[in-house]
Amino acid sequence: MIYGAMKVVIGGPLKVAFRPWVEGIENIPADGPAILASNHLSFSDSFFLPTMLDRKVTFIAKAEYFTTPGVKGRMTAAFFKGVGQLPVDRSGGRGAGEAAIRSGIEVLERGELFGIYPEGTRSPDGRLYRGKPGGLARVALATGAPVIPVAMIDTEKIQPPGQVRPKLMRPGIRIGKPLNFRRYEGMDHDRFVLRAVTDEVMYEIMKLSGQEYVDVYATVAKRQMAEDAKKRAEEEKAIAKAEKAAAKAATAREQDDSGRAA
């Protein structure tokens with residue numbers, strides 16, 4: 001009941017304001033369990049995808065979405081709780097991963113839709129990054145549920161990181177045909193199988209989204225970008241300091257020359 005009310009309160013205005021388009025909606029089963037594996041471009045992905053589906057979809061959401069202070073934080077927490085999203089503390093290492101997997105299995109055992117972002121985090125630059133083999137593949141193989149690849153289109157342009165006011169434009173959603181991995185039944189702890197399943201899903205997402213694929217994890221790319229930004233900032237600071245010292249020295253020479261001339 002809360003889910004339906006939240007879709008009306010939030011989903012209705014989203015549809016009117018942004019007019020998102022959807023392709024392949026017929027690939028979502030009318031009932032029964034299924035896994036929606038999506039690329040992740042923006043915070044708004046978790047709003048637009050559930051809004052455009054008739055069925056409830058439950059995503060694993062990072063715990064910070066439920067604990068962020070302020071008005072925006074409270075609104076975000078209310079939305080995620082209202083639509084039945086599951087908070088997971090990603091700082092807990094392997095324990096957190098196992099909790100997420102168990103939560104996904106429970107959702108599917110209830111015959112519902114389970115949503116997951118295989119990249120594990122938002123893309124830092126709009127490209128598609130390597131999928132993490134743990135959650136998606138293990139849940140799929142443990143339950144036998146079909147995996148439906150999903151591509152979010154242009155959502156990163158609506159509200160880039162750091163931008164408060166969203167840009168009014170039409171995002172898109174492409175939904176691919178279900179993938180069946182029952183041939184790997186009982187192999188949900190084989191790391192080579194997990195990697196193969198994940199890569200197959202990521203390939204389908206790439207075809208749907210048209211994104212450039214990067215064969216590294218997004219978390220690694222983000223860390224490298226942060227380190228590069230820090231290095232550039234330090235270099236710029238050093239250059240500015242050197243320029244300031246040079247200017248000070250030049251001023252001192254000019255004053256010295258003026259004193260001698262007098």
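Student: A salt bridge is a side-chain nitrogen of Lys or Arg within 4 Å of a carboxyl oxygen of Asp or Glu. How many salt bridges does the count come to?

Tutor: The count comes to 10. Before we go on, this is a predicted model: local features need pLDDT of at least 70, side-chain atom pairs count only at pLDDT 80 or more, and totals for chains, interfaces and linings use all residues. Residues are numbered from 1 along each chain as its sequence is written, and side-chain values use heavy atoms, leaving out hydrogens and water.

Student: OK. Which side chain meets E23 in a salt bridge?

Tutor: R174 does, at 3.1 Å from N to O. The pair links distant parts of the chain. E23 is in strand β1 (residues 21–23) and R174 in strand β8 (residues 172–175), 151 residues apart. Strands here are DSSP runs of E, at least two residues; helices are runs of H or I, at least four; both are numbered from the N terminus.

Student: How exposed are E23 and R174?

Tutor: Both numbers need cut-offs. Buried is under 20% relative accessible area, exposed is over 50%, and partly exposed is in between, with a 1.4 Å probe and protein chains only. E23 has 40%, so E23 is partly exposed. R174 is at 26%, so R174 is partly exposed too.

Student: In what sense do β1 and β8 pair?

Tutor: Parallel, over three bridges. Two strands pair if DSSP finds at least two bridges between them. W21 has G172 of β8 as its bridge partner.

Student: And how does strand β7 run against β8, parallel or antiparallel?

Tutor: Antiparallel. β7 (residues 147–153) is joined to β8 by four bridges. A151 stands opposite R174 there.

Student: Back to charges. What does R130 meet in a salt bridge?

Tutor: D215, at 3.3 Å from N to O. R130 lies in the loop between β6 and α6, and D215 in the loop between β9 (213–214) and α9 (218–261), so the pair ties together parts 85 residues apart in sequence. R130 is partly exposed because its relative accessibility is 24%. D215 has 51%, so D215 is exposed.

Student: What about D154?

Tutor: D154 forms a salt bridge with K157, with the closest N and O atoms 3.2 Å apart. There is also a network: salt bridges that share partners join D125, R127 and E212.

Student: Where is D125?

Tutor: In the loop between β5 and β6 (128–129). D125 is at 34% relative accessibility, so it counts as partly exposed. A218 is 93 residues away from D125 in sequence, and the two are 9.5 Å apart in space, C-alpha to C-alpha.

Student: Now D45. Buried or exposed?

Tutor: Buried, yet without a salt bridge. R122 is the nearest side chain of opposite charge, 7.2 Å away. For that, Lys and Arg count as positive and Asp and Glu as negative; His and the chain ends are not counted. D45 sits in helix α2 (residues 45–52).

Student: So what is D45 in contact with?

Tutor: Contact means heavy atoms within 4.5 Å. Leaving aside neighbours within four places in sequence, D45 contacts N39, H40, P50, Y117, M152 and T155.

Student: Switching to β5. Which residues cover its faces?

Tutor: L113 and G115 lie on one side and F114 and I116 on the other, and all are buried. That strand is residues 113–116. β5 pairs with strand β2 (residues 34–38) in the parallel sense over four bridges. A34 stands opposite L113.

Student: Last one: at what angle do α6 and α8 pack?

Tutor: About 105 degrees, with axes 8 Å apart. Axes are lines fitted to C-alpha atoms, for helices over the stretch in contact, and angles run from 0 to 180 degrees between N-to-C directions. Under 35 degrees is roughly parallel, over 145 roughly antiparallel, 65 to 115 roughly perpendicular, and the rest oblique. So α6 and α8 are roughly perpendicular.

Student: Which residues of α6 and α8 meet?

Tutor: From α6, L136, A137, R138 and L141. From α8, V193, L194, V197, T198 and V201. In α6 (residues 135–143), the buried residues include V139 and A140. G144 follows α6 with a positive phi, near 75 degrees.
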